[in-house]
Number of protein chains: 2
Amino acid sequence: MKPTDDMPSMRQLRYFVALAEAGQYRRAAERMGISQPSLSQQIAALESRLGHRLVERRRGGITLTPAGREMLPHARGILNGASEMVALAQTLNSGVAGTLRLGATPTIGPYMLPAVLRRLHETHPGIKLMARDGPPRDMIEDLLAGRCDLVVTQLPLVAADLAQRRLYREPLMLAVARDHPLAARTHVTTGDLAGLDMLSLGPAFALHGQIAALCRDAEARLVGEYEGTSLDALRQMVAMNMGATLLPALYLRSELPDDDGDVVAVPFRSSLTRTVGVAWRRSLGRPRLITQFLDAADHVVGTAYRDRVVRDRG
Amino acid sequence: MKPTDDMPSMRQLRYFVALAEAGQYRRAAERMGISQPSLSQQIAALESRLGHRLVERRRGGITLTPAGREMLPHARGILNGASEMVALAQTLNSGVAGTLRLGATPTIGPYMLPAVLRRLHETHPGIKLMARDGPPRDMIEDLLAGRCDLVVTQLPLVAADLAQRRLYREPLMLAVARDHPLAARTHVTTGDLAGLDMLSLGPAFALHGQIAALCRDAEARLVGEYEGTSLDALRQMVAMNMGATLLPALYLRSELPDDDGDVVAVPFRSSLTRTVGVAWRRSLGRPRLITQFLDAADHVVGTAYRDRVVRDRG
DNA sequence: GTTTATCCATAGGATTTTCCTATACATGAA
DNA sequence: TTCATGTATAGGAAAATCCTATGGATAAAC
């Protein structure tokens with residue numbers, strides 16, 4: 001906008017309030033650390049912008065005009081708003097508060113986030129999180145579009161302008177119905193899957209890629225009719241003996257009571273894993289908020305998840 | 001304060017909001033009527049002042065950082081406040097709204113102000129008035145000290161830096177008890193007052209001066225034991241036959257039922273009057289508010305008071 | 001793979017604003 | 001009158017802001 005805006009400037013408001021409080025130009029100018037003529041000028045400029053005399057100049061000090069009295073609270077309010085803004089900025093800057101918009105895939109979020117959020121809330125009560133849920137592909141899209149700041153998902157990702165951070169690696173296990181021929185095995189190998197019907201999540205999920213690849217290698221049959229959107233749904237399908245699938249170890253720990261379900265998980269002899277981590281836009285930099293989140297996640301991985309996963313930082 | 005204030009400037013806030021709304025530097029700069037580099041600089045300066053990156057620069061447009069999202073509503077709030085301030089200034093400027101602090105002496109205010117305020121409220125509902133009451137001397141002191149803006153009082157005044165405006169002149173009448181020897185007279189002259197006991201308000205009232213002067217001229221006796229602070233009190237004293245006094249015609253009209261009171265008012269053959277008007281500090285100028293008040297007062301004088309007073313403008 | 005287009009950042013110089021010193025003007029006090 | 005106090009004005013210095021031109025980085029087009 002042109003040099004002469006019709007709005008009062010912060011400076012003018014500050015000077016005006018100082019003048020009203022000091023009661024004199026000289027003293028107000030002194031308090032503001034400027035010369036009296038400068039103050040005079042700014043007040044005159046403010047009066048000109050508002051089209052009103054704000055102060056009466058009188059021997060022994062100034063008096064606000066009726067208009068000045070009406071303006072004073074407004075000026076104070078505006079300045080308070082600005083102060084609050086600066087204070088908020090400092091708070092955000094210190095990393096103790098802020099709002100992070102989180103995205104998570106249903107194959108990880110429900111089993112990891114609660115513990116991480118609890119930890120984060122303990123160490124930084126000022127940090128608020130808004131979480132959304134969806135297939136990784138959609139989450140990445142949201143992330144790139146700026147609709148969320150941080151996504152918890154399976155790694156690796158291919159997007160070039162996303163920063164990524166691995167959190168841990170967890171085993172994938174073969175899940176079969178209790179009465180399935182493989183249910184009694186202590187281990188399986190890829191070869192055991194030959195000819196098996198395999199269920200999967202939709203192609204928007206990273207797990208889908210792993211399952212599909214495994215099917216190709218093992219010459220198993222990927223059942224395409226149904227593609228779930230949650231591990232729970234997948235487990236139901238397995239329980240109904242519609243096929244086998246791969247389920248992550250952490251999910252099994254949290255959702256499947258040991259040896260007491262309709263689904264049995266059998267480990268692979270040669271370890272099959274998935275990597276879990278977070279991603280954010282490189283252009284976001286590395287705000288304190290993200291560091292705080294990563295610290296909380298690392299803490300959870302290093303305590304509650306210890307011995308269940310492979311810590312895989314970097 | 002030093003050139004580099006720690007507060008964001010209005011301009012920066014405007015640019016920031018515009019950028020957030022436009023989604024691009026170029027477009028935002030265009031909307032603000034400045035070049036893109038200027039916008040760039042101001043945004044960078046704002047980020048530097050707040051110690052935070054506020055926007056992510058990305059191909060195809062910008063995205064607010066978490067901190068930027070928190071700041072945006074604050075920035076909007078501050079700008080709204082400033083807009084309101086400007087709007088309020090315009091409203092005040094137009095004279096249709098505002099607050100006038102009024103002072104009135106008890107010998108005039110209670111009988112004139114209600115009608116004036118009613119009129120003023122009809123024609124300018126946005127104007128608010130705060131009234132205070134007290135002896136003229138105190139009111140003038142309040143006026144000079146800036147504790148009120150306009151005083152309704154008896155004129156003339158001696159203060160040099162007060163602007164004065166006469167409103168009307170009203171007769172002063174001799175008030176005596178019903179059974180007083182002079183009560184039956186249709187007229188009195190100064191000579192009739194010789195030896196009479198005269199009551200007065202305190203010396204802080206202008207009426208006191210007139211009564212005292214009359215006593216000197218007529219060789220009447222000014223009763224000093226009691227000095228009331230209201231015409232009502234004075235009337236009570238007269239009714240109890242403690243002496244006579246002067247009462248203004250408007251007061252008598254509004255407070256004394258014709259020929260039906262304990263006090264009788266007798267006019268002077270040679271007119272004795274007092275002048276009523278308003279005063280305000282010259283340094284206040286002549287704000288619209290005062291003009292509006294004067295207009296309302298003139299209207300009342302010219303209608304309700306017609307034939308009872310001498311219009312005495314100027 | 002190179003080119004082009006788009007978008008933001010940076011640089012240097014012009015313009016505007018703000019500030020300061022010095023001084024003038026106004027008013028009440030001595 | 002002269003002095004003291006308090007604000008306004010003038011002129012030049014300093015700072016902030018703006019503009020044009022250009023650089024760098026990335027996505028789209030060829």
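Predicted model: local features only at pLDDT ≥ 70, side-chain atom pairs only at ≥ 80, totals over all residues.
View 1. B:Asp142 sits in helix H6 of chain B and B:Arg132 in strand E4 (residues 126-133), so the bridge ties together parts 10 residues apart in sequence. Helices (H or I, at least four residues) and strands (E, at least two) are DSSP runs, numbered from the N terminus.

View 2. B:Arg281 meets B:Asp149 at 3.7 Å, N to O. Strand E11 (residues 273-281) of chain B holds B:Arg281, while B:Asp149 is in the loop between H6 and strand E5 (150-155), so the pair ties together parts 132 residues apart in sequence. Both ends are tucked away: B:Arg281 counts as buried at 1% relative accessibility, and B:Asp149 at 0%. Shared partners join A:Glu56, A:Arg69, B:Arg101, B:Asp149 and B:Arg281 into one network. Within it, A:Arg69 bridges to B:Asp149, with the closest N and O atoms 2.7 Å apart.

**View 3. Where chain B meets chain A.** On each side, 55 residues are in contact (heavy atoms within 4.5 Å). Elements giving two or more residues to chain B's side include helix H1 (10-22) and strand E1 (55-58). The largest share, 19 residues, comes from H4(B).

**View 4. A:Tyr111 against A:Tyr251.** This aromatic pair is edge-to-face, 5.0 Å centre to centre with 70° between the planes. For the rule, rings of Phe, Tyr and Trp (its six-membered ring) pair if their centres lie within 6.5 Å; planes under 30 degrees apart count as stacked, over 60 as edge-to-face and the rest as tilted. A:Tyr111 belongs to helix H5 (residues 109-123) and A:Tyr251 to helix H9 (residues 249-255), 140 residues apart. Both are buried.

**Notes.** Residues are numbered from 1 along each chain as its sequence is written, and chains are lettered from A and ligands numbered from 1 in the order in which they are written. Local features need pLDDT of at least 70, side-chain atom pairs count only at pLDDT 80 or more, and totals for chains, interfaces and linings use all residues, while side-chain values use heavy atoms, leaving out hydrogens and water.

Conventions:
Buried < 20%, exposed > 50% of the residue type's maximum accessible area, 1.4 Å probe, protein only. Salt bridge = Lys/Arg side-chain N within 4 Å of Asp/Glu carboxyl O.
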